[in-house]
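Reader: I have a model to go through and would like to take it piece by piece. Can you walk me through it?

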Amino acid sequence: MLTVSVKWQKKVFEGIEIDVTLPPYVFKAQLYDLTGVPPERQKIMVKGGLLKDDADWSAIGVKDGQKLMMMGTADEIVKAPEKAIVFAEDLPEEEQATNLGYSAGLVNLGNTCYMNSTVQCLKSVPELKAALSNYSLAGRSNDVDQTSHMLTVATRELFSDLDKSVNAVSPSQFWMVLRKKYPQFSQLQNGMHMQQDAEECWTQLLYTLSQSLKAPTSSEDSDAVKALFGVNLRSRLHCQESGEESSETESVYSLKCHISHEGLKGELEKTSPALGRSALYLKESLIDSLPRYLTVQFVRFFWKRETNQKAKILRKVDYPLELDIYDLCSEDLRKKLEAPRQKLRDEEGKKLGLQTSAKSSAKDSDVKMTDAEASSHGSGESSTVTPQEGASSEKETHMTGIYDLVSVLTHKGRSADSGHYVAWVKQESGKWIQYDDDHPSLQREEDITKLSGGGDWHMAYIIMYKARFVSM
């Protein structure tokens, strides 16, 4: 065993032992530990030239206490990360929720799945969340009663809690205020709260929000909820008994799809002036203005007089991921839609390398429409939407009559007063999440349209579509 010293740059390493029974490469490995210079870069001066990895120590003639000279550059020292590594489970819960890509589920407080599924579907509308976040007591209209104000605040807080949490959120405060505003949701049976109709919860909640979020001006543009969900209908009513005909206009937050009728057709009972009594009328409607979010309710429940309870129509009703409602629009609205629809077809045609024609009919196209960014402002009263703040003022966004499915509320069971409600919501990432109360789970898009009914499985009860736009 020999002991030597090694000079490298301005440093001298004393008392380094050499085991002469091992090849010089081992000695170089020792120097690597001391200097950071890899063996392949080390140039060690010895008798006869440079020290080779497989040289014979006895032939080199290194003596005990000898000073050796080494040249070579060290590896760059790996710097510690500027930020300490943080594991996902150690992040604040709000950041965990953001990284997860979808929000938390809701605890079932006892037959509250109708409420939970409604909340999850409506929470998926970013413009509604934005309107709620801007709501305050200061901006509260004098026409809004205290319980409506409390329900609006509870909705805002619940939406916020869901976005910030990865664990299931208890909607106890929201449920308490909902029952205070609408006592029908407090019905008990055998000491337990009864299952309720999700469509009624959806309708009542939107009505309350429409009153609370209405700006204190006379302009219809100030009605945030109507701008998002409102549909103007122009209807014709015909009495089969008397032959009377009349027309009416109305504004609704959802379209009713009567399963036994095609299109926007249905039946209603009302007083006939000619007959002087109630009579059955056929009602046929056309859409006169488009909403940003189109809600469709499948009328699956009806009152069965024989059993004195709501019965359910289990018939299968198909619905698409992409909905074109052009044929359900009034003539005036169709004319407004023609130019935007042609623009979409031309844009898609260019992508496919096709020659476009401005003269082609708005209805004669097999080309799939593409999505276009829409403003978060504007009114459902027109097919034209005001551009976003900061965007070019030269172009406006226009509705096209094309909609994409973004949420489905399903019911499983044979009665509205029992069974189970679940929400299926499309995330901004394009992924679909099933919200079964406190259990969110990833779903395949192709399975979403299979919720069409025809058996005892989950079947669509309320579906919501988001409008596509084009800039012109």
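Reader: Is β20 enclosed or open to the outside, and what is the count behind that?
Author: This is a predicted model. In it, β20 is largely enclosed by the rest of the structure, because four of its five residues are buried.

Reader: Which way does β19 run against β20, and how many bridges join them?
Author: They run antiparallel, and four bridges join β19, residues 420-426, to β20. One of the pairs is Trp 424 with its bridge partner Gln 434 in β20.

Reader: What sits between β19 and β20?
Author: Five residues, and the two strands form a hairpin. Gly 430 is in that turn and has a positive phi of about 95°.

Reader: And on to β21, how many bridges there?
Author: Five bridges join β20 to β21, and these strands run antiparallel. Asp 436 has His 439 in β21 as its bridge partner. β20 and β21 also form a hairpin, with two residues between them.

Reader: Is Asp 437 buried or exposed?
Author: Buried, because its relative accessible area is 9% and the cut-off for buried is under 20%.

Reader: Where is Gln 9, then?
Author: Gln 9 is in the loop between β1 (2-8) and β2 (11-18). Its phi is near 50°, again positive in a residue other than glycine. Gln 9 counts as exposed because its relative accessibility is 51%, and exposed means over 50%.

Reader: What is the strand order in the sheet with β1 and β2?
Author: The order is β2-β1-β5-β3-β4, an open sheet of five strands with mixed pairing. β2 and β4 (49-50) are the edge strands, each pairing on one side only. Inside the sheet, three bridges join β3 (residues 43-46) to β5 (residues 67-71), and that pair runs antiparallel. Lys 43 has Met 71 in β5 as its bridge partner.

Reader: Which helix packs on the sheet?
Author: Helix α1, residues 24-35, which touches β1, β2, β3 and β5. Its direction makes about 145° with that of β2.

Reader: Different topic. How many residues of α4 are buried?
Author: 11 of its 11, so to speak for residues 113-123 the helix is mostly covered. Among the buried ones are Cys 113, Met 115, Gln 120 and Lys 123.

Reader: How does α4 sit against α6?
Author: Their axes come within 11 Å and cross at roughly 80°. The two helices are therefore roughly perpendicular to each other. On the α4 side the contact is made by Val 119, Gln 120, Leu 122 and Lys 123, and on the α6 side by Leu 158, Phe 159, Leu 162 and Asp 163.

Reader: What is the make-up of the contact of α4 with α6 by class?
Author: Five nonpolar, one polar and two charged residues.

Reader: At what angle do α6 and α8 pack?
Author: At about 105°, with the axes of α6 (residues 146-164) and α8 (residues 198-212) 9 Å apart. That makes α6 roughly perpendicular to α8. Ser 148, His 149, Leu 151, Thr 152 and Thr 155 of α6 meet Leu 205, Thr 208, Leu 209 and Ser 212 of α8. By class, this contact has three nonpolar, six polar and no charged residues.

Reader: Now the nonpolar core. Which residues in the largest one touch the most other members?
Author: Leu 128, Phe 174 and Phe 229, out of 46 residues. Another core, of 33 residues, lies apart from it, with Leu 233, Tyr 319, Ile 325 and Leu 451 among them.

Reader: Last one. What is the order of the four-strand sheet?
Author: β9-β8-β12-β11, an open sheet with antiparallel pairing. Its edge strands are β9 (245-252) and β11 (265-272). Neighbouring strands are turned by 35° against each other on average, direction ignored. Eight bridges join β8 (residues 231-239) to β12 (residues 277-289), and His 238 stands opposite Leu 282 in β12.

Technical notes: Residues are numbered from 1 along each chain as its sequence is written. This is a predicted model: local features need pLDDT of at least 70, side-chain atom pairs count only at pLDDT 80 or more; totals for chains, interfaces and linings use all residues. Side-chain values use heavy atoms; hydrogens and water are left out. Buried means under 20% relative accessible area, exposed over 50%, partly exposed in between (1.4 Å probe, protein chains only). Axes are lines fitted to C-alpha atoms, for helices over the stretch in contact, and angles run from 0 to 180 degrees between N-to-C directions. Angles under 35 degrees count as roughly parallel, over 145 as roughly antiparallel, 65 to 115 as roughly perpendicular and the rest as oblique. Contact means heavy atoms within 4.5 Å. Ala, Val, Leu, Ile, Met, Phe, Trp, Tyr, Cys and Pro count as nonpolar, Asp, Glu, Lys and Arg as charged, and the others, Gly among them, as polar. Two strands pair if DSSP finds at least two bridges between them. A nonpolar core is a set of buried Ala, Val, Leu, Ile, Met, Phe, Trp, Tyr and Cys residues joined through side-chain atoms within 4.5 Å.
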